[in-house]
Amino acid sequence: MDFLLAAEPMLEDPAIEEHLRQFCLVLSVSLGVATLSRVFSVLRNIPYTLLLLLVGLGLAVLDVRLINLSPQLILFIFLPPLLFEAAWNLNWKSLKQYAVPVVLYAIVGVIICVSALVWGLQVFAGASLATALLVGASLSATDPVSVVALFRELGVDKKLTTVMEGESLFNDGVAVVAFNLLLGIALGLEQFDVSVTVARFLVFVGIGISIGGLIGFGLSFLTQRFDIPLVEQSLTLVSAYGTYLVAEELGGSGVIAVVTTGLILGNFGSRIGMNPRTRLVVSEFWEFMSFFINSIVFLLIGDQVQFQGLLDELDKILIAIALMIVARAVSIFALGALSNAVTGPDMDLPVKGQVVLWWGGLRGSVSVALALSVPAMLSDRQEVIAIVFGVMLFTLIVQGLTTKPLLEYLGLLGDQPMKLEYNQMTAHRVALTRVMNRLEAMKKNEEFDPEFVGYQMALVDGQLDEVKEKLARLEQQNDVIREYASDQLREELLAIEADTYAEFIRAGQLKESLTPLLEGVLPDRLGEMH
């Protein structure tokens, strides 16, 4: 009773009540947009995040400000779970295959972008060194959330998706570190020295990787000791925030630390420490978290736009857009050629794919957070924010909305829609087979009226035959689908073997994971056996 009496003043606090109202309003608008985007067919062609941004811009035009978007809100509340979710779902095997272009784009690409913007803004726009440095560092962070979502929806080639996701993940970390290094120079507190800057960069990244590795592997082995899905799900959430805070506190890169932890838990910990059911529960939780946070972030980014500031700095914004597009083209095509020369023909990144990577390098929440975190003591702070917001809006709206037509024009969708159709029919076949197995068990055990069960079995059997016929037709008529089906089967068999080893490890009968024996036995194309 005393506790309830003590809690009453807290509940009556007008600030808490106002914040709760604002939060509920943001959620209501976000979910309303999500619903409308599925109800009206005309809106389905617009990526969900871009639709939220446009709604936010509409609210900004009406001067309806939902909530103040601070850098702390993005960097400490929104960014860690978004990074963790992306790293959790990024396949380590695929990342290793395309490590060369990912590393080149994430590190050298940032240097090219920052250098071009710093030089160009001073020469062509007459910007101060401080403005040029901070705008360059802020805009070097790519955030192609909507493009990657579009890739997944359309079934675009895995190579492109992996390179774009991998670049974005590590690029964010490098951009944040670069911003912190250049901030002191922009404020006149430090002098630029190449050796000192490189050393500090390596320290930032090294501490981040170390902290992320310790927490990632520690949790991986900890979850072997028990099987409680909700606890393991909670541990991943705590690790996303905890890793970021610990790394930042110890002077490292929180972004790099979270990405490292997410990669380890998603590719190693979830295999040896979680059974398939738990892994599915955790993956679905993080899918929800990504949807939930992106819904809020993109709506609020649009809502924060100050149109008068954009108009005042329009000339510098246009110059920054041109510089960024040119710098992105130089980094993508030049580094792509270098990557192809290093990796060889099997891992080549085709020119058409490089075009999509160039045009799909959008700017988003990280760029906005870095711009907003510029200290108020800098006289050019509003100028930096206006330029970054202007460029970010161009990339999200213009480039974001034209990426799908570009994919169609370049013919990169190819057989992907057919593969999606194949995957859907495969899922139908598995589901109907399980339903049929259950009905057969009911008939055998006489659990229900035999006549009714027989009628249901006849219906399901007819649907199952139809799906099997369609699958067989697809495989017979298309070599690509036949090879794709073989690859899917190979991956499934390898996953079964890996899960079996994980069960032995959890039971304490094995101390370490074994290398899958089937990798050396199964041919790359099981179809070659026929």
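This is a predicted model: local features need pLDDT of at least 70, side-chain atom pairs count only at pLDDT 80 or more; totals for chains, interfaces and linings use all residues.
Figure 1. By class, 16 nonpolar and 2 polar residues line the second largest pocket, with no charged residues. The space inside comes to about 520 Å³. Its lining counts 18 residues, and those closest to the centre are Ile-111, Ala-178, Leu-182, Phe-192 and Thr-197.

**Figure 2. Helices around the second largest pocket.** Four elements, α6, α7 (129-139), α9 and α10, each bring at least two residues to the lining of this pocket. The biggest share is from α6, which gives 6 residues.

**Figure 3. The largest cavity.** Searching the whole structure turns up 3 cavities of 30 Å³ or more. The largest cavity holds about 90 Å³ of space. Two or more lining residues come from each of α6 (99-124), α9 (158-186) and α15 (314-343). The lining is made up of 13 residues. Nearest the centre of the largest cavity lie Gly-109, Cys-113, Arg-328, Ser-331 and Arg-363. By class, the lining of the largest cavity splits into 5 nonpolar, 5 polar and 3 charged residues.

Figure 4. A disulfide would be a covalent bond between the sulfur atoms of two cysteines. The structure holds 0 disulfides.

**Figure 5. Thr-223 in the loop between α10 and α11.** Thr-223 sits in the loop that runs between α10 (194-222) and α11 (229-249). Its relative accessibility is 5%, so Thr-223 counts as buried. The cut-off for buried is under 20%. The Thr-223 side chain reaches the backbone oxygen of Ser-220 at 3.0 Å.

**Figure 6. Contacts of Thr-223 beyond its sequence neighbours.** Neighbours within four places in sequence are left aside here. What does Thr-223 then contact? The partners are Glu-232, Leu-235, Gly-269 and Gly-273.

How values were computed: Residues are numbered from 1 along each chain as its sequence is written. Side-chain values use heavy atoms; hydrogens and water are left out. A disulfide is a pair of cysteine sulfur atoms within 2.5 Å. Buried means under 20% relative accessible area, exposed over 50%, partly exposed in between (1.4 Å probe, protein chains only). A polar contact is a pair of N or O atoms within 3.5 Å; within protein, one must be able to donate a hydrogen and the other to accept it, and residues adjacent in sequence count only if both atoms are side-chain atoms. Contact means heavy atoms within 4.5 Å. On a 1 Å grid over the protein atoms alone, a cavity is a set of points where a 1.4 Å probe fits but cannot get out, and a pocket is an open set with protein on both sides within 12 Å along at least five of seven lines; lining residues have an atom within 4 Å of a point. Grid points are joined across faces, edges and corners, and a volume is the space filled by probe spheres set on the points. Ala, Val, Leu, Ile, Met, Phe, Trp, Tyr, Cys and Pro count as nonpolar, Asp, Glu, Lys and Arg as charged, and the others, Gly among them, as polar.
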